[in-house]
Amino acid sequence: MSAPSVSEPAAVAARGGILDRESALAKMMIAPAILYIVAMIGVPFVLAVLYSLSDATTGDPSLKFVGLRNFAAALADPVFRLSLWNTVFFTLASQCIVVLLSRLLATALLKNFRGKWLVRFLIMLPWTAPISLGTIGWLWMLDSIFSPIDWVLRYVGLLGVPGALLGAGTNLYYLGVPGLAISSIILVDVWRILPLATVIQLAGLSSIPKDLMEAAEVDGATPWRRTLMITIPLTLPITSIAFLFGVVFTFTDLVVVYVLTRGGPVHMTQVLSSWTFFKGIEGGDLAQGAAISLFMFPVLAAVAILILRMARRTEVV
Amino acid sequence: MGCVEIRGISKLFGNVRAVDHVDLATNEGEFLVLLGPSGCGKTTLLRMIAGIEEPTEGDMVIDGRVVTNLPPRLRDIAMVFQSYALYPHMTVYKNIAFPLRARGVEKEAVRKKVEWAAGMFKIERLLDRKPRELSGGERQRVALARAMVREPSVFLLDEPLSNLDALLRTSAREELRQFQRRVGVTTIYVTHDQVEAMGLGDRIVVMSQGRIRQIGTPMEIYLWPADTFVATFVGSPPMNLLDHGDTLLGFRPETFLPADAVEGSEGVVTYPFEVTYLEYLGAERLVYGTVGEKSHARHVVSRLPGSLTLPLAAGKAYPFAVALRDLRRFDKKSGLYKEGVSS
């Protein structure tokens, strides 16, 4: 009777084996993530660097080293310079609007009211829809002939009659006029990122202890002062994170420009990612495309570092 | 200045009456303690005085002015929260300066006032630190300084000592009391700790289930409880209660002593006390046991001073007695105090 009871713990230990060795287990669990990062980010990045220093094309992908010629050519190209400017401008403009709107929405959603869940659901909806489908929806909304926005404007008399505020023409041609096309891209960028930013802001706002706001109230601060002196400073780290996330998403986005304007009219809405695609894939000049895309790298690296630093700061508070 | 008057205040959360028709008035410069178990409505009442919570009915009057519908900043009150609610992103200096800056006080005047308040609580050397770099006791002082800096007419405190360790709590209690005496600001203090209430209060308001059970000095509350709730909530161990017809007889554990040790010029009542358990606490001994017939025996506690070295053993019965003047009578149905002494 005593023999099996003695050997039993030994058997359990042997079977526990790998699951009990935390260092080995940790390596096993992290391995898929590392493999994924290497295969999907590391390899393409190295390829992009190699291509950008070569004369590779889709017809001849062999690598012949040409130094920094591709970068010099890109910088000399006015379309590239416009794309670079547009990328920065669209990103900053849309993200500033996003920060303001998401703060307003989050503040409203913090309150209790009837149908709150419905409003939350509707706000989250753009985030759950595939970005390409959502943008195609916007393509219809901004159609040069059948745009429902134009239809409404005509119906209320702001468009399509002599002396109307927005002109006598039947349509505004959102994607065909430079100013409107740029505004449309920014609008869709805002629409795209707003749900995520709102959720992040909501988390930030609800993390402020309630009695802190009450203390400020008792201390004599008006609502405006409470916002300025308590809410904004306390949510600044998380607001910055929302902003930086939005920057990354918008800075690298290809779909919105590709679906809505294809960079038109006459490259007025061209951005780095779309220009990379047109040059490198549709134009077949892999080396040029790679060089253009690498111009995104310093900005994205800087943003990534900022996000990590911000994240650490929020942990401390 | 500095008088708070509460007129028929009630507060409903859904169908729950958190505060139920409370009438209360403070005296000028008094230290009033709201005492009760958690959920009795004392904090809600304090928050209504502060203006953070709106009463469902009734009126709040501060210094003869009806403030029921005024926001907190127009009430001339200051409050210290249980969590202290220090602004984590501001230095101690900015925390203390906040109420002044919110009122648009000029910069130089702010500096003087902050230094005065910091000096009062001996935290001058902490002015450049952030709250997260402070200990619990230091945070509490900063919170007090922030509340005092603009010299409010009423000072509200919501369990400000509950986050301190036991040793610090005792010294903080003493400091708080001395400070309030010195400044003379009417203070309303919420606590569930009866020791704090007894030690700090000029008067104690005992609350239960949203209602006031008794208002009185610590001595009145302890010696002459208005009902069985107060009798058993205040005092540790609580007052002993024995059935006596339609009456409950109450007496404090320290008045229930071996018959030889009780001197009663007005007479004594003697009970056979069956000891079940003894606790030796150094300065005193707690003796647990029962009184009465087996079928309806009641649990009774006796607290013997350490100087009384009489040997007692569990499982044995001893004659114990209470002096008649220490005996209180309560109505069995309502629990209310009854006048007169009976044998």
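## Salt bridges overall

Counting over all chains, the structure holds 21 salt bridges. For that count, a salt bridge is a side-chain nitrogen of Lys or Arg within 4 Å of a carboxyl oxygen of Asp or Glu. In general terms, side chains of opposite charge can pair when their charged atoms come close.

A word on the ground rules. This is a predicted model, in which local features need pLDDT of at least 70 and side-chain atom pairs count only at pLDDT 80 or more, while totals for chains, interfaces and linings use all residues. Residues are numbered from 1 along each chain as its sequence is written, chains are lettered from A and ligands numbered from 1 in the order in which they are written, and side-chain values use heavy atoms, with hydrogens and water left out.

## Where chain B meets chain A

The contact (heavy atoms within 4.5 Å) draws on 24 residues from chain B and 18 residues from chain A. Together the two chains bury about 1,900 Å², with carbon and sulfur atoms giving 64% of that. Buried area here is the accessible area (1.4 Å probe) that two parts lose on being put together, summed over both. On the chain B side, B:R73, B:H89 and B:F98 supply 27% of the area buried against chain A, more than any other three residues.

Two salt bridges turn up across this interface. In one pairing, B:R47 meets A:E214 at 2.7 Å, N to O. That pair crosses between chains, running from helix α1 (residues 42-50) of chain B to helix α9 (residues 210-218) of chain A. Helices (H or I, at least four residues) and strands (E, at least two) are DSSP runs, numbered from the N terminus. Both B:R47 and A:E214 are buried, on a scale where buried means under 20% relative accessible area, exposed over 50%, and partly exposed in between (1.4 Å probe, protein chains only). Then there's A:D219 with B:R146, whose closest N and O atoms are 3.4 Å apart.

## Chain B on its own

Chain B has eight helices and 19 strands, and its C-alpha atoms fill a box of roughly 75 × 45 × 35 Å along the principal axes. Of its 343 residues, 51% are buried. Among contacts in chain B with a separation of 6 or more, 63% come from residues 24 or more positions apart. The accessible surface of chain B is about 15,700 Å², 51% of it belonging to carbon and sulfur atoms; accessible areas come from the Shrake-Rupley method with a 1.4 Å probe, and for residues only the protein chains shown count as cover.

Chain B also has salt bridges of its own, including B:K113 with B:E151, where the closest N and O atoms are 2.2 Å apart. B:K113 lies in helix α3 (residues 107-120) and B:E151 in the loop between α4 (136-148) and β7 (154-158) of chain B, so the pair ties together parts that are 38 residues apart in sequence. B:K113 is partly exposed at 22% relative accessibility, and B:E151 is partly exposed too, at 45%.

Another pair is B:D202 with B:R181, at 3.7 Å between the closest N and O atoms. This one links B:D202, in the loop between α6 (194-200) and β9 (203-208) of chain B, to B:R181 in helix α5 (residues 166-183) of chain B, 21 residues apart. B:D202 counts as partly exposed because its relative accessibility is 28%, whereas B:R181 is exposed at 56%.

## Chain A: two domains

Chain A splits into domain 1 (1-52) and domain 2 (72-316), with bounds from an automatic or database domain assignment. Their centres, taken over C-alpha atoms, are 40 Å apart. Five residues from domain 1 and six residues from domain 2 make the contact.

The two domains bury about 470 Å² between them, 85% of it on carbon and sulfur atoms. In domain 1, A:F45, A:Y51 and A:S52 lose the most area to domain 2, together 80% of what that side buries. As for salt bridges between the two domains, the count is zero.

## A nonpolar patch

A:F45 shows up again in a nonpolar surface patch of about 910 Å², whose members also include A:I30, A:L63 and A:F297. Patches are made of residues with over 30% relative accessible area and no salt bridge, with like charges joined within 9 Å and nonpolar side chains (Val, Leu, Ile, Met, Phe, Trp, Tyr) within 5 Å. Helix α2 (residues 22-52) of chain A gives the largest share of the patch, nine residues. A:F45 lies in that helix, and its 35% relative accessibility makes it partly exposed.
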